[in-house]
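Hi,

Here is the structure I promised to pass on.

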Amino acid sequence: MYEIIARKATTFSRIHDANFSLCDGMPNSALNLKALRNRTVPKIASRAVADELGIPQSTYASMEDPSKNKKPFLSLQIAKQLAPIFAARGVSEAETLKLAGVTGELTEQFRTAAPASPPTVDDEEWVSVTGSVQAGIWREQSDWSAAERYDVKFGPSVRPGADRFGLRMEGLSMNKTILPGSDLECYRIGKGGIRAVPGTLVIVARNAHDLVELTCKRLDMVDDKWVLRCESTEAEFQDMIPIGKPDEGMFTDDEIRVVGVVASAKQDLAPPGFGTRRYRNI
C-alpha cells in the first residue's frame, strides 16, 4: 500500500533566477552574495556589512570569495541576518533569502496578505506545517509555536485515516533531493498502516538528554541491517548512520527513531495570494 506514497515522493520546483550564478549546475553562494550586495542603493561596502553582522571583515570577505566559499547556499541564519541590511537599501528580503535556497519565506509582505483569522486545517486539502527538519540542530521541542505555523495545500490524503503532518526542510543535508525551504508532506509510521521500506525518505528523531534533533534521511538496508543516508553535496553529511535491525514498523535504535515517511516535497514559488501556503495572523 505504501507504493502509492512512494511514487509521489520528492516532487518540487527548483529556483530559476537570472540573477543567480550557477557552477556545475548548482548555485554559487559567494558570487550571488557579492552580486546582491552590489545591487544595494546606496551600495554598501563589504566592511559595513561585516560591521552590521558583528563579524570580522575578513570573515565576510571569505563569504564572497568563490575560492574560499564553495557552498551552493549560505546558511539560513546568515541569510536572515543579511535580509534587513539589504532591505534597507532596496533589495527585498525574499531576494536575500534565496541565497539560502529559501523561497516563500514568511516576510512582512506575506503577513500583510495573511487572512484576518487563523484558518482551519481540518479539510482534506491542507496540511499544517508544525516544525522543521535540519541536521545538526538540537532543540528542546520539535514543534513550532502556534504563531510560527502555516498550512500547505497538498491535496487530498492518499491514505485516509493516516496521521498526516507537515514539516519544512532547512539546511543542506538532503539538498541533492530536496532544496532547503521546501515543505514536506509526511505520514506518521504506525498510523493507518503506514510503514517504511528500503528507499523511503523518512523523518528521523534523535534524542540526547532533553534535546531532540529532527531530520530527513533516506532509509536503506546494507546486508541485513537498516541504515540512514543523507543525499547532500556537503562533505559533512556523507556518512551513513547504522540503526541496527529493529522490529518491523519501529525502526529504532535507543536514541534514534524513524517516526514518519515523506510522501512529497514542494516549494511555493508563487507571489502572495496565489501560492499553496496560507499563513496565520495570530
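Among contacts in the chain (heavy atoms within 4.5 Å) between residues at least 6 apart in sequence, 68% join residues that are at least 24 apart. Keep in mind that this is a predicted model, where local features need pLDDT of at least 70, side-chain atom pairs count only at pLDDT 80 or more, and totals for chains, interfaces and linings use all residues. Residues are numbered from 1 along each chain as its sequence is written, and side-chain values use heavy atoms, with hydrogens and water left out.

The overall picture: the chain has seven helices and 13 strands. Those are DSSP runs numbered from the N terminus, with helices being H or I of at least four residues and strands E of at least two. Of the 282 residues, 46% are buried. Buried here is under 20% relative accessible area, exposed is over 50%, and partly exposed is in between, with a 1.4 Å probe and protein chains only. The accessible surface comes to about 14000 Å², and carbon and sulfur atoms account for 50% of it. Those areas are from the Shrake-Rupley method with a 1.4 Å probe, and for residues only the protein chains shown count as cover.

Two strands pair if DSSP finds at least two bridges between them. β7 (residues 201–208) and β8 (residues 211–222) are antiparallel partners over eight bridges, and A205 sits opposite L214 in β8. They form a hairpin with two residues between them, and H209 in the turn has a positive phi of about 60°. β8 also pairs with β9 (residues 225–229), again in the antiparallel sense, over five bridges. There D220 faces V227 in β9. This hairpin has two residues between the strands as well, and D223 takes a positive phi near 60°.

On to charges. The whole structure has ten salt bridges, meaning a side-chain nitrogen of Lys or Arg within 4 Å of a carboxyl oxygen of Asp or Glu. Three of them are worth a click:

- E64 and R37 form a salt bridge, with the closest N and O atoms 2.6 Å apart. This pair links distant parts of the chain, with E64 in the loop between α4 (57–63) and α5 (76–87) and R37 in helix α2 (residues 29–38), 27 residues apart. E64 is buried at 9% relative accessible area, and R37 is buried at 7%.
- R89 and E52 meet through their side chains at 3.2 Å, N to O, in a salt bridge. R89 is in the loop between α5 and α6 (93–97) and E52 in helix α3 (residues 46–53), so the pair links distant parts of the chain, 37 residues apart. E52 is partly exposed, at 45%.
- D163 and R188 make a salt bridge with their closest N and O atoms 2.9 Å apart. D163 lies in the loop between β4 (150–153) and β5 (164–169) and R188 in strand β6 (residues 183–188), so this pair ties together parts that are 25 residues apart in sequence. D163 is partly exposed at 29%, and R188 is partly exposed at 30%.

Cheers
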